[in-house]
Amino acid sequence: MNRTKQYIRLRVNGEEREVAVSPNRTLLEVLREDLLLFGTKEACDDGACGVCTVLVDGKPMRSCLLLAVRMEGKEITTIEGIAQAGALHPIQQAFIDQGAIQCGFCTPGMILTAKALLDEKPEPSKHEIRRAISGNLCRCTGYNKIVDAIGSVAALAKGGR
Amino acid sequence: MDELLYVGKSAPRKDGPVKASGEAQYTVDITLPGMLCCKILRSHLPHARILRIDTSRAERLPGVKAVVTAKDSLKIKHGFVETPRYPADQYPIAVDRVRYVGEEVAGVAAIDEATAEEALGLIDVEYEELPAIFDVEEAMKLDAPEIHPSHPKVKEPYKNIGGKTETSWGDVEKAFSESHLVREDRYVSQLRTHAYMEPQVTVASYDYSGKLNVWTSGMGVFLKRAKLARTLGLPFGRVRVLKSYVGGAFGGKVDLFSHEYIASLLSMKCRKPVKAVYTREEVFKFARHGQPLIMYIKTGVARDGTILAQKIRTINDSGGYRGSGVVVIFLSWGYGMLTYRIPNLVYEGYSVYTNNTLHCPQRGHGAPQMRFALESQMDMIAEELGIDPIEIRLRNARKPGEILPNGDPLKNYGLIECIEEAAKACDFKSKYGKSRREQDKDQQKGSHIKRGIGIGLSSYMGGSLIYPNSSSVIVKLNDDATVSLITGALDLGQGPETILCQIVAEEMGVPMEDIQVFAADTETTTQDIGSWISGLTYVTGNAAKLAAENAMKKLLDVAAEELDADAKDLEAKNKEIFVKRSPERKISYADAVAASIAKRDGDTIIGEGHYRTVKDVPTHPSLATTKGRWSDNYASDAQIAEVEVDTETGMVKVVKATMAHDCGFPINPQLVEGQIDGQISMAQGHALCEEVLVKDGHIINPSFLEYKIPCALDMVENEQIHVITEKYQKGRHYDTKEVGEGHVSGILAAIANAVYDATGVRVNELPIYPHKILEGLEKKK
């Protein structure tokens with residue numbers, strides 16, 4: 001195995017970071033093990049469950065499938081990066097208020113997927129919400145309250161215009 | 001009656017903010033200085049004798065800090081059930097024999113994962129392969145290879161019997177002979193799995209004071225402590241199991257697991273923290289799955305559909321060890337007899353050893369399997385008799401005030417109301433049978449989408465006597481009148497921390513944000529019944545209620561002294577205590593606490609409460625004979641599914657679910673809805689797509705890519721109807737029922753019945769794969 005480490009620079013939650021990584025390591029491993037951002041969870045390691053979703057240049061991506069060395073110059077957003085000035089992001093708050101969290105293990109990936117959706121399309125239909133999160137598995141909630149939570153943020157955006 | 005301020009309201013979860021922010025620390029997030037990585041060597045053979053294990057090469061590998069095998073252990077067996085009839089049957093690390101693919105043979109602790117993996121490859125195990133058996137009914141035959149000797153008390157000529165439940169009442173044969181119709185069918189509920197999102201993971205840290213600290217993704221810390229302490233030969237006081245957030249369990253994380261034991265043993269050997277994490281592949285291949293069940297049901301009914309007799313035989317494949325097999329065959333009796341009156345019954349359930357991987361409870365533990373079988377057959381009987389599915393159920397459904405065959409009273413039981421409400425809400429009677437009646441019309445229109453509707457009922461106990469049997473709660477008033485709530489309850493996502501907070505807030509008149517919960521630590525919190533057997537809200541909830549009452553009594557006593565009044569003339573509200581008739585005479589909670597410290601013995605106000613389920617009996621019912629009290633209260637539900645079946649592809653889409661349920665009194669309606677939603681989703685998977693596939697003892701679909709659980713697009717919108725049968729009153733005992741697992745069952749049966757209603761195809765072996773429907777349609781032609 002080639003264990004020669006490579007330096008990469010990337011922006012994580014708005015901060016410039018430099019890390020030395022072996023070419024076989026994933027973004028998920030670097031986030032958790034090197035940057036100690038434990039909010040990003042691992043549940044399948046084969047891209048099937050969406051639990052490890054982070055935003056890469058604003059797009060929801062499975063960090064277990066991304067090699068860290070390919071992240072040079074990328075803007076990464078994890079669950080730790082979306083609360084602003086001590087206040088939870090409206091999507092985080094909506095997940096709490098609407099009962100969209102049970103065990104919470106899928107929650108970070110789910111919230112980031114929702115953020116990417118709402119950033120692109122502030123007023124998605126219910127079906128669009130379901131489609132957007134269909135790659136994020138949740139075993140506790142049956143998804144309905146998650147869809148409601150995302151929908152409530154969309155409704156808020158609509159009201160705010 | 002006082003208006004309720006906190007209970008009965010959809011208060012947001014206490015742990016919501018830390019889970020939404022990503023701060024919540026799960027076991028997998030725990031990282032300790034010097035922590036080592038644990039990997040486990042497992043048997044690749046389904047059945048073999050271990051002749052020799054040589055770990056010397058692994059031990060010499062640089063970076064390896066400890067290797068353990070059975071010779072490092074005390075060779076103490078454990079089991080899901082440990083009773084005189086069913087003594088423990090499994091070593092936490094294999095001694096001389098392995099009985100399934102994946103059984104733990106050795107453990108390694110190394111400085112990193114790669115080194116630990118490499119070390120596993122250097123362990124040399126010599127096996128003598130033994131004949132293996134994988135089909136449960138074949139395993140019962142006398143010529144099958146012996147995995148364990150058959151249970152000595154089982155007299156039938158069968159092999160590999162881990163346990164048997166048998167019970168009967170009335171005269172079944174006579175009743176069958178007098179029946180207008182007798183049906184006999186065989187049903188199969190497949191091997192499926194919990195699919196908790198957080199894999200199995202344990203961190204064990206044995207320190208130089210001789211204490212073992214353990215964080216593990218489990219379902220209750222006290223059971224883990226008891227079993228770890230016993231198998232490791234440590235006193236309880238030297239094993240501390242601490243809280244970490246748990247990423248789902250659904251029954252799959254109860255009991256002691258070998259990785260917990262091995263991580264602990266490794267840490268004891270090298271005095272370093274050790275972490276064992278399963279990959280998802282390992283979870284699928286080696287962690288315990290739910291209980292598969294074969295059910296033979298023979299039912300005799302009168303002309304009007306009244307059940308006269310039932311003969312039930314269940315067969316459970318427990319895998320290489322007993323696990324919860326002997327419990328599921330007991331529970332299957334229970335979930336068979338709870339819903340309908342059965343005047344004559346013969347029940348026998350066998351739990352059978354095979355060389356498959358091990359099985360354990362999964363949400364409902366026998367109920368989904370049995371309700372699927374019984375409700376399917378109920379519809380078949382109704383059709384043969386020309387009776388509506390609702391009518392036949394109303395005719396047989398149990399009513400409040402009935403005494404169950406084991407002596408448990410059905411104090412209040414909303415089943416009849418659930419059936420009526422659910423049927424009304426979705427206009428069941430006008431929809432049922434329509435698709436099959438109008439089949440010719442559909443064909444003329446060229447439509448290949450058939451719509452169907454089906455109903456399923458179920459009922460579930462709320463807590464039973466299983467170690468640790470009871471719960472205690474402590475509430476402490478702090479100087480500033482905020483409250484610390486101390487409980488052993490472990491929140492797996494179902495919400496006990498929130499529920500307990502609501503109860504204490506209600507009883508003490510303290511807002512929820514002023515209550516901090518300290519939970520699930522064997523050292524610093526109180527014993528708790530555990531997050532299984534659906535008893536937490538009832539048992540721990542009542543303990544919390546009593547603790548809050550106890551603290552309030554002390555607080556009012558102090559206030560009475562300070563206000564020169566009689567305690568019974570006082571009223572507490574908004575953290576102040578008033579004299580009822582002259583409210584200007586008052587004292588704040590904080591001042592009352594200060595007075596208690598200054599003028600009494602210096603005691604701050606601390607309240608304690610203790611509660612045990614089924615108080616008037618010493619122990620749980622007999623798993624062998626079913627005799628004995630089981631539970632204090634029973635939830636019930638009637639659930640209706642509407643489906644669309646594509647007769648060209650065989651695909652089933654669940655389009656609507658109507659869920660009428662009696663959970664007593666919903667302490668937090670939003671949490672109740674969340675539990676019901678989750679159960680519908682799990683039932684959809686059980687009904688239509690989930691199956692762990694096994695070939696010669698090897699699991700061959702070990703990923704979410706190959707084991708499909710429902711996603712957001714599959715989830716059905718549903719209507720939920722709360723049938724309220726209990727009242728919550730301040731200062732009085734309450735009897736609330738479960739809502740977290742019983743409701744996974746009726747909807748499963750309802751989906752199967754709706755598929756039949758749509759297509760006329762009856763699938764008796766789950767899951768209802770498209771090809772089974774197409775084959776059924778082909779046969780009908």
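**View 1. B:Arg49 and its bridge partner.** B:Arg49 has B:Arg97 of strand E4(B) as its bridge partner. Strand E2 (residues 48–54) of chain B and E4(B) run antiparallel and are joined by 2 bridges; two strands count as paired if DSSP finds at least two bridges between them. This is a predicted model, in which local features need pLDDT of at least 70, side-chain atom pairs count only at pLDDT 80 or more, and totals for chains, interfaces and linings use all residues. Residues are numbered from 1 along each chain as its sequence is written, while chains are lettered from A and ligands numbered from 1 in the order in which they are written.

**View 2. The sheet around E2(B).** Stepping back, we meet an open sheet of 3 strands in chain B, ordered E4-E2-E6 with antiparallel pairing. Strands E4 (97–98) and E6 (124–129) of chain B each have a single partner strand and stand at the edges, so one side of each lacks a neighbour in the sheet. Strands (E, at least two residues) and helices (H or I, at least four) are DSSP runs, numbered from the N terminus.

**View 3. Two helices of chain B.** Helix H9 (residues 325–337) and helix H10 (residues 367–385) of chain B pack at an angle of about 45 degrees, their axes 9 Å apart; axes are lines fitted to C-alpha atoms over the stretch in contact, and angles run from 0 to 180 degrees between N-to-C directions. The contact involves B:Ser332, B:Tyr335 and B:Gly336 of H9(B), with B:Ala367, B:Gln369, B:Met370, B:Arg371 and B:Leu374 of H10(B) (C-beta atoms, placed from the backbone, within 7 Å).

How values were computed:
Two residues are in contact if their C-beta atoms, placed from the backbone, lie within 7 Å.
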